[in-house]
Amino acid sequence: MDKFIKIGLTVLMFVCILDMPYGYYQLVRFIALIGFAVLAYQANQQNRKTGMLIYGVLALLFQPFFKIALGRELWNIIDVIVGVGLLISLFKRKIMIKSTLTKGQIIDGKYSVSFFLKKGSYAETYRVQNETKEAKFLKLFDFNKLHRTQFTESGEILEIEMLKQIKHPNLVKYNDSGNVVIDNKKLAYVVLDFVSGETLADKMKRENTLNLYEAKSIILSVLNGLNYLHNKQIIHNDITNQNIMLDLSGNIAIPKIIDFGYARFLQQSNKDFLKEGLNLFYTAKETFNKVFSFQSDIYSVGALYFHLLTGLPPNFIEISKYKSDKIQLEDVILEERKKPLKFSDKIDE
């Protein structure tokens with residue numbers, strides 16, 4: 001639907017460049033208001049906050065009730081910019097990575113795909129509906145792309161087996177799992193509660209830093225979730241602002257730990273732990289040598305706390321030039337950690 005809305009709006013924007021009757025411009029304003037409002041609503045439903053904001057602003061800009069006197073030439077420039085932007089968004093969507101599942105596709109006879117969310121190195125995520133039309137989160141695993149350390153001794157996917165064992169208000173909640181064959185490829189899936197909200201990373205893009213009270217409340221919730229996991233002898237290994245979701249469905253935001261792709265049981269050998277792909281600003285020094293423990297999770301929480309209060313992870317440096325050399329990257333980060341941490345004077349004591 002959004003494709004046809006964008007095409008229609010693009011045509012209308014470019015026609016506005018021509019010398020048209022006044023009534024045409026008023027009609028365009030009405031149509032643009034409705035079209036951009038629908039696009040904003042759809043973006044919100046898909047948890048695309050930036051898209052929702054952009055389309056919301058455009059809906060207000062083109063609304064016909066309170067005229068914005070910018071002059072014909074400036075309006076023509078805006079029409080062209082908006083039209084080109086809509087074309088780019090259509091083209092960008094076409095070249096996006098193709099998802100395995102399509103909208104409306106039924107998985108295992110129980111789940112209908114609402115829309116694609118994200119594609120990672122070994123899995124894809126979707127928003128789906130169950131048989132009672134409840135929104136759920138589905139993670140689809142490609143067996144061929146999983147690392148050997150991501151399986152149990154019996155050949156089951158470790159992440160799914162862990163999720164089956166946990167139940168805590170500060171952890172994502174398991175619903176169901178199974179195997180499916182799609183295009184002659186064996187895949188596994190896990191269904192979790194759909195958390196209506198945003199990640200801490202999304203929140204920090206808007207606010208940069210949090211006040212001490214809010215940050216402390218979030219950290220205490222994360223520690224509650226980790227304490228439960230540690231009592232289950234589970235190390236999460238990937239506590240970052242990307243992996244803490246804020247459930248905004250109630251009156252109070254509830255932090256929930258998500259993404260158990262790097263999680264391991266304490267008794268597992270260090271050879272079964274992965275460090276490739278981890279955010280090194282959040283990882284304890286010993287994990288650089290693949291030594292993981294409950295303490296390394298606690299270090300990550302401390303790094304998260306610092307990030308929430310200051311806007312940057314501890315000992316942050318620009319690392320783009322080192323990404324091709326992982327050993328040098330680790331050495332640079334460890335060398336930076338020898339320096340004392342600096343706190344902003346704006347942080348309340």
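So, how many salt bridges are there by this rule? The count comes to 13. Keep in mind as we go that this is a predicted model. I'll walk you through a few of the pairs.

Let's start with K139 and E159. These two form a salt bridge, and their closest N and O atoms sit 2.8 Å apart. What I like here is where the partners come from: K139 is in strand β4, residues 135-142, while E159 is in helix α5, residues 158-165. They're 20 residues apart, so this pair links distant parts of the chain. And is K139 buried or exposed? Buried, with a relative accessible area of 8%. E159 counts as buried too, at 6% relative accessibility.

Okay, staying with helix α5. K164 makes a salt bridge with E161, and here the closest N and O atoms are 3.3 Å apart. Those two are three residues apart in the helix, which means about one helical turn separates them. K164 comes out as partly exposed, at 41% relative accessibility.

Next up, helix α6, which covers residues 200-207. The side chains of K203 and E207 meet in a salt bridge there, 3.0 Å from N to O. Have a look at the accessibilities, though: K203 counts as buried at 8%, whereas E207 is partly exposed at 33%.

Which residues are linked with K203 and E207 in a network of salt bridges? E198, R206 and E214.

Technical notes
Residues numbered from 1 in each chain as written. Predicted model: local features only at pLDDT ≥ 70, side-chain atom pairs only at ≥ 80, totals over all residues. Heavy atoms only, no water. Salt bridge = Lys/Arg side-chain N within 4 Å of Asp/Glu carboxyl O. Helix = DSSP H or I, 4+ residues; strand = E, 2+ residues; numbered from the N terminus. Buried < 20%, exposed > 50% of the residue type's maximum accessible area, 1.4 Å probe, protein only.
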